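Biologist: I'm new to this one. Could you put it on screen and walk me through it?

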Amino acid sequence: METKYWDLKKNPRQAMEEAAALVRAGEVVAFPTETVYGLGADGLNGAAVARIFAAKGRPVDNPLILHVARKEQVETLTTGLSASARALIETFWPGPLTVVVPKAPCVPDETSAGLDTVAVRMPSHPVANAFIAACGCPIAAPSANLSGKPSPTNAADVAEDMDGKIAGILDGGSCGIGVESTVVDTTSPIPTILRPGGITREMLENLLGAVDIDPALAGNPALRPKAPGMKYRHYAPAAPLYLYEGDEAPLCLARAAERAAAKGVRAGILCDAVTARSLRERLGRNPSFLILSWGRGKADLAENLYTLLRDFDRFHPQLILGMGVDEGGMGLAVMNRLRKAAGFHILQARDGVVTVQGGTGFPDYLLAE
């Protein structure tokens, strides 16, 4: 398949019309949102939705999100909205929030993965909103990457995974938030976070009061996913990623990096700007190491995470050492992505001791202190 590419800086109206025509014809087109790029198809056309799964290599029991251009469109996709769903929609739409609601009969099983619920959101990105409106239908859209790989936040990374697999790519520049939307199940007595994202737990609690977090976020493979990204390893670079968490994560990561360097290991390091500067001073110019900083804060980590993970893939390290952050604010979302990228291979660094919190098969030099 030839993948058509549109640069929206050049004749955006024509590009939008051509892309929307392909979607109406049952094809798949990638487009930008404020979170990540999505793979869009007519969400009410089961055959079109199946093309998304084929392009991504995505398991069919992993539900998709329907994207709408106007708030009132959600009414046609559900048998009813709870009070919490209405409050969330009125407060956070358009924006990076997805609500899980009882699905209407018009929503095919291909979109909902056979569940009796459906996930819906209204993006705030102007290109996404205009594209959905031009298509004239709800757009089913997971992230525009091969299943399991880091999500794309720019059109070049979409093309790296999807060229020849989909009908087209709308290039609207880089995404701002950088991690996928928050997903909230509004069908449970207490609204439940199924996937953390740009709308934080604190923001939800300020509006709704009590908010639960789904236990499936811990990575239990036996639990059936009610939202994208809950069950399978996601966001993962090619090399194994080992994640240091805890108060002494920067120090213990640095010591592990020095031991890896002494053994001649080709490694990537993912950390904040302060730790990156310290590591470069300690390790010097070592061609076997790629030290990448996300910046200073959690918003920087969210915006840059997937791009940095793809940069590691181009370096081809034997392993990657990552540094965690606390879970306040955006920390819950970025730690969810980092832990899944690491396959829950997590090391706790506290009180001068490194202990295994999750995973097996750690190289000895990551643990020794």
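Biologist: In what order do the strands of the open sheet run?

Modeller: This is a predicted model, where local features need pLDDT of at least 70, side-chain atom pairs count only at pLDDT 80 or more, and totals for chains, interfaces and linings use all residues. Residues are numbered from 1 along each chain as its sequence is written, and side-chain values use heavy atoms, leaving out hydrogens and water. Strands (E, at least two residues) and helices (H or I, at least four) are DSSP runs numbered from the N terminus, and strands pair if DSSP finds at least two bridges between them. The 11 strands show mixed pairing, in the order β1-β8-β2-β3-β7-β4-β6-β5-β9-β10-β11.

Biologist: Which residue of β8 is the bridge partner of Y5?

Modeller: β1 (4-7) is an edge strand, pairing on one side only. It joins β8 (residues 168-171) in the parallel sense over four bridges. There, Y5 is partnered by I169.

Biologist: How do the axes of α10 and α11 lie: roughly parallel or roughly perpendicular?

Modeller: Axes are lines fitted to C-alpha atoms, for helices over the stretch in contact (heavy atoms within 4.5 Å), with angles from 0 to 180 degrees between N-to-C directions. The axes of α10 (residues 298-315) and α11 (residues 331-341) come within 9 Å and cross at roughly 25°. Angles under 35 degrees count as roughly parallel, over 145 as roughly antiparallel, 65 to 115 as roughly perpendicular and the rest as oblique. So α10 and α11 are roughly parallel.

Biologist: Which residues of α11 make the contact?

Modeller: On the α10 side, the contact uses K298, L301, A302, L305, Y306 and L309. From α11 come G331, V334, R337, L338 and A341.
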